[in-house]
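Hi,

Here is the structure I promised to pass on. Have a look at it first, and my notes follow below.

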Amino acid sequence: MNRQVSPVFLGLVTVMGVSAWGVWAGYAASTGFAVFLFVVSAWIVSLCLHEYAHARTALHGGDISVGAKGYLTLNPLKYTHALLSIVLPVVFVIMGGIGLPGGAVFIERHRIRGRLKHSLISAAGPLVNAALALVLVTPFLLGLLDDAPIAFRCALAFLAMLQVTAAILNFLPVPGLDGYGVIEPWLSPKARRQMEPFAPFGLLAVFACLWIPEVNAVFWDGVDAVMGALGVSWQEVAYGLRYFRFWEGEPEGVFIPH
């Protein structure tokens, strides 16, 4: 069973660390591009941790095949659907500034005994996103970023928001998302058969619904409320997105409320 951390993952962590330092120190030729590299690499790292949590929980639940498939190495190239796992989530961030992980690891569910274990396997991924969100907002809550460079502070706020949206959206009880995976073991066999054909389209359906103005407004109002409760203002998140979209030009005259 291969559990050695992949060089690919370590490379992503290195890019994340170097780009974060570039944003903090202001040594990057383009602050916006450095923010872009930092957020994208950190987002992919979080995707790896999300899928690792699924695989690790499945291993303890009885599916020893996850080791042979390389899921425990944190290598994103080992995921079942690279397009859904990495490419689409990054595209979602670029297009709409939203964190929406896709399906990646294939769990051999017949090896798992007990409905609770199945539910925990599905819940493990978004719980990691929730935990990462708490880690990222802790410096805000403790006032540790009051004198930090504005670009770094805003980038961290934007990254925290991505984790919050990922946790919220993935816990939706929509076929194909982890929230449905949590409740699926408790449904009747007939209900599961009826929902199964919709699973491949659940992720895209949720993203499409977010383009409906009324749904979009309700969703972002909820996200703003959560971020505010966690000590992060919408201004910080908005400017983090503006830095991230470096091709639109870097923001000027940023005001950060304390």
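Starting with the cysteines: Cys-209 is partly exposed, at 37% relative accessible area, whereas Cys-48 is buried, at 0% (buried is under 20% relative accessible area, exposed over 50%, partly exposed in between, with a 1.4 Å probe and protein chains only). The disulfide count is zero, where a disulfide means a pair of cysteine sulfur atoms within 2.5 Å.

Before you go further: this is a predicted model, so local features need pLDDT of at least 70 and side-chain atom pairs count only at pLDDT 80 or more, while totals for chains, interfaces and linings use all residues. Residues are numbered from 1 along each chain as its sequence is written, and side-chain values use heavy atoms, without hydrogens and water.

Now helix H2, residues 31-61 (helices are DSSP runs of H or I, at least four residues, numbered from the N terminus). H2 spans 45 Å from first C-alpha to last, close to the 45 Å expected (1.5 Å times one less than its number of residues). Of its 31 residues, 23 are buried.

The largest nonpolar core has 69 residues (buried Ala, Val, Leu, Ile, Met, Phe, Trp, Tyr and Cys joined through side-chain atoms within 4.5 Å). H2 gives the most to this core, 15 residues. Among the members that touch the most others are Phe-38, Val-39 and Phe-158. Beyond its neighbours within four places in sequence, Phe-158 has contacts (heavy atoms within 4.5 Å) that include Val-39, Val-93, Leu-241 and Phe-244.

Cheers

Conventions:
Helices (H or I, at least four residues) and strands (E, at least two) are DSSP runs, numbered from the N terminus.
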